[in-house]
Structures are given as C-alpha cells and as structure tokens.
Amino acid sequence: MNIEIETGVLNAIEQRWSPYAFDGSAVSDQEMEVLVDAARRAPSAFNNQSARFLTAHRGTPEFKVIQETMIEWNQMWTADAGVLVVALGRDRFAYNDTPNPLAQLEVGFASQNLMTQATAMGLHVHPLSGFDADALAAKAEVPGYTPYFIMAIGRKRVVGDDDLIAKDQGRTWSRLPIEVVAQPFGNELIEA
Ligand SMILES: Cc1cc2nc3c(=O)[nH]c(=O)nc-3n(C[C@H](O)[C@H](O)[C@H](O)COP(=O)(O)O)c2cc1C
C-alpha cells in the first residue's frame, strides 16, 4: 500500500518521517520540555515510568561524546541535528526492585509520544539504533539503565542534488498493506 493513501489518521502521525538533512538550528529547552511532557504521559506497567531521556545540544562536548558511539554513517548525518536524545529504560521495576522486562517497550511508547509531539511542533526526529550501547552506557554513567536508541531532533534543511544527503529527496516511502498489518485472530497469518 502506498503511504499516500489516506485513512484519516492524525496529521502529526501522517507527517512524521525521519530526515537525514537537518539545518543545524538549535532545539530550545522550552521545546524539549514540551517533548518530554508528551513522553511522560505514555502508559507503563504499574505506572512504572521506566523511560528516561538524556539530552545533549549541538555544539556541546556531550553531543560529540554521544556521536562518537555511533556508526560512521549516523555520525555524518546527525552532525546538523539540534539535539541528541538518548532513550534509556530502567532495568528494574521501581515499585518492587525486580527485573523489568518491559523497559524497552515502555521506552518505545514514550518515545513515540515524543516523536508525534515533535512533528506537531514542526520539528523532525530521526531515531537510530546504529550505535554501541555498551560504550554509550559507560560514557553516560547511569547504572541500572540501558540505552535503547537515540533520537536526532531538529529542523529539516532543503537539500540540493549534489547534497550527500540528497537521499531525502529520492526516498521511496512504503508501508505494508493494512490487511497484512492487522489480520483476523485465529487465521493463518498472510505475509506481504
Ligand atoms: C529502532 C530504530 C532504529 C533505527 N536506526 C537507524 C539508524 O541506525 N540509522 C538510520 O539512518 N536510520 C535508522 N532508523 C530510521 C528508519 O530507517 C526509519 O524510521 C524507517 O526507514 C522508516 O522511515 P520513516 O521514519 O521516515 O517513516 C531507525 C528507526 C528505528 C525505529
């Protein structure tokens, strides 16, 4: 199914995508506060709220420290993001200190809220998992928390044909058909 076929989803869901070409402008603390407010409203098991977000603005040493844990390709295109946000999950439930197998799920829910909010505010978010999580955990010095992915947040710049990141322009953007993604319970699954 072509993504252009419209079913009436919310604008901020329809318009979200992950660009490579950011314009280098800052994401303010006020904007970050709204994004994190959206994230913290996500559901979590026992209201455990295991997601945490470590932020580093462009131009700071911490931004570079995070970048250096990424694969080369991700280091290249994140250079012009306004802020890098490391999404962490708490490894143990806060309420009884037992292992929390749901942390990654909760980080995902919270982060999707953040991304939807960002889109509604005219910002772009590009999630990435191409980084060394152990190296980043060691640098972050946050025992008891696991980094699951990073979000590069910023504003998109217009790219030219000669731009290394012209990929943004020629991007083919597809999604599986709705009838593959949702199927009647009890039937054999149809593959795409
Ligand atoms: C968990 C996760 C990890 C990803 N890792 C990377 C990455 O390391 N590098 C990259 O360029 N894009 C990465 N992406 C972005 C995906 O390629 C992108 O979301 C996907 O192609 C769909 O495109 P869209 O977000 O523009 O709709 C990642 C996305 C997710 C959700």
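Biologist: In which loop is Asp-97 found?

Modeller: This is a predicted model, in which local features need pLDDT of at least 70 and side-chain atom pairs count only at pLDDT 80 or more, whereas totals for chains, interfaces and linings use all residues. Residues are numbered from 1 along each chain as its sequence is written. Helices (H or I, at least four residues) and strands (E, at least two) are DSSP runs, numbered from the N terminus. On that basis Asp-97 is located in the loop between E2 and H5.

Biologist: Does Asp-97 count as buried or exposed?

Modeller: A residue is buried if 20 or more other C-beta atoms lie within 10 Å of its own, exposed if 12 or fewer, and partly exposed in between, with C-beta atoms placed from the backbone. Asp-97 has a phi near 55 degrees, a positive value in a residue other than glycine. Because Asp-97 has 9 C-beta neighbours inside 10 Å, this residue counts as exposed.

Biologist: What is the radius of gyration of the protein?

Modeller: The protein has eight helices and four strands. From the N terminus on, these elements run α-α-β-α-α-β-α-β-α-β-α-α. The globule rule (2.2 Å times the number of residues to the power 0.38, compared with a radius over C-alpha atoms) is the reference. The rule gives 16 Å for 192 residues, so the protein is as compact as a globular protein of that length, its radius of gyration being close to that value at 18 Å.

Biologist: What percentage of the 192 residues of the protein count as buried?

Modeller: Along the principal axes, the C-alpha atoms of the protein fill a box of roughly 50 × 45 × 30 Å. Of the 192 residues, the buried part is 29%.

Biologist: Which strands stand at the edges of the sheet?

Modeller: Two strands pair if DSSP finds at least two bridges between them. The open sheet of four strands has the order E1-E2-E4-E3, with antiparallel pairing. A strand with a single partner has one side left without a neighbour in the sheet, and so the edge strands are E1 (51-57) and E3.

Biologist: At about what angle to E4 does helix H6 (residues 133-140) run?

Modeller: Strand E4 (residues 145-154) is mostly covered, with eight of its ten residues buried. H6 lies across E1, E2 and E4, and its angle to E4 is about 90 degrees.

Biologist: How many residues of E2 are buried?

Modeller: On one side of E2, Val-83, Val-85, Ala-87 and Gly-89 are buried, and on the other Leu-84, Val-86, Leu-88 and Arg-90 are as well. E2 is therefore largely enclosed by the rest of the structure, its buried residues numbering eight of eight.

Biologist: Which residue in E4 is the bridge partner of Ala-87?

Modeller: E2 (residues 83-90) and E4 run antiparallel and are joined by eight bridges. Within E4, Arg-90 has Tyr-145 as its partner, and Val-83 has Ile-153. The partner of Ala-87 is Phe-149.

Biologist: How many residues of the shell around the ligand are nonpolar?

Modeller: A residue is near a molecule or strand if its C-beta atom, placed from the backbone, lies within 6 Å of it. The ligand is surrounded by Trp-17, Ser-18, Asn-74, Pro-127, Leu-128, Ser-129, Gly-130 and Phe-149. Ala, Val, Leu, Ile, Met, Phe, Trp, Tyr, Cys and Pro count as nonpolar, Asp, Glu, Lys and Arg as charged, and the others, Gly among them, as polar. The shell has four polar residues and no charged ones, and its nonpolar residues number four.

How values were computed
Contact = placed C-beta atoms within 7 Å. Axes fitted to C-alpha atoms, helices over the stretch in contact; angles between N-to-C directions.
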